[in-house]
Amino acid sequence: MQYYAILHPVRSKYVCTVGRAKKVICILWIASLVLACPILYGREYHIVHGINRKAIWCRKIWNSFAISVAYEIYMIYILLLVPVIIMTFAYVNICLELWHISSFQSRQQRRLTSPNGSNTDTDSSPYLVPRKSRDDNKSKKQVIKMLVAVIVIFIICWAPLQINNVLVGFEVLPDLHEGHHKHIREAFYIMAYANSSINPIIYTFMSKKFKETFKKTICACVVWRRGTSRSQTYRYATELRDEGSKTCHTSLVNHKNVIEMNSYGSQRSSSPSHV
């Protein structure tokens, strides 16, 4: 969604639809089930009788060393390398596009500044950048930092667990959770699963618009608790979401149109005139 909304704002109107989103979700669930099937072949359950109770011990048992190594490499590939490659490709393109727009706005702002330091009026021409471009540039740089933080934190959360599993597959580390290995691996699992809950925190602390929308949503919930009907609260939250999406989309389209118009004007001015 972010990739299409920023790089292809016009195309995203008919590509990012609810129907296609449902199809993509179904495809992802089916693909996840298929990719997770190999573990069904390598799992064994053992009943362990303790002093006070009986427990079930689940562990990975493979027929050969080569299969064990191949499985762990396969897991680190689909759980770490492929997501990092996809996120890096998408976020790098988003960052480049935002940086290009920010640089374009800075150049336009310098052109609009008179020698005595006062800004010229930019409201009369649709091709000029508004006076709030500095705030927009600051916001875009903040978005770039947020996207980089998402990738870095994903690697920090998932890499230790996957590297540990690969070392276990190569028999560098023991497969039994004994001694200090138990506590370290428990921490690795907690880090991996906590990644899904960390992303909203990143968006909260690094996105000004997200914080503003979150505050408005909380206020809407408070209003609902004070007597507003649930349907009115839902309609209010939906209007906030649509308003923010429409504003973001309109801003991006306007920026890309300005860039295209100026590029076209430069080409016209540089080309020889024809009678």
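## A buried glutamate and its partner

Glu-72 counts as buried, with a relative accessibility of 5% (buried means under 20% relative accessible area, exposed over 50%, and partly exposed in between, using a 1.4 Å probe and protein chains only). This is a predicted model, where local features need pLDDT of at least 70 and side-chain atom pairs count only at pLDDT 80 or more, while totals for chains, interfaces and linings use all residues. Residues are numbered from 1 along each chain as its sequence is written, and side-chain values use heavy atoms, with hydrogens and water left out.

So who does Glu-72 meet? Its side chain forms a salt bridge with that of Lys-60, at 2.8 Å from N to O (a salt bridge is a side-chain nitrogen of Lys or Arg within 4 Å of a carboxyl oxygen of Asp or Glu). The pair links distant parts of the chain, with Glu-72 in helix α5 (residues 65-111) and Lys-60 in strand β2, 12 residues apart. Helices (H or I, at least four residues) and strands (E, at least two) are DSSP runs, numbered from the N terminus. Lys-60 itself is partly exposed, at 30% relative accessible area.

## The other salt bridge

The structure holds two salt bridges. Asp-175 makes one of them with Arg-59, and the closest N and O atoms are 2.5 Å apart. Asp-175 sits in the loop between α6 and α7 (180-206) and Arg-59 in strand β2, so the pair ties together parts that are 116 residues apart in sequence. Asp-175 is partly exposed, at 40% relative accessible area, and Arg-59 counts as partly exposed too, at 23%.

## Two strands and a hairpin

Strand β2 (residues 54-60) runs antiparallel to strand β1 (residues 43-49), and seven bridges join them (two strands pair if DSSP finds at least two bridges between them). Getting from β1 to β2 takes a hairpin of four residues. Across the pair, Tyr-45 stands opposite Cys-58 in β2.

## A positive patch

Which helix gives the most to the positive patch? That's helix α8 (residues 208-225), with five residues. Lys-138 lies in helix α6 (residues 133-169), and at 64% relative accessibility Lys-138 counts as exposed.
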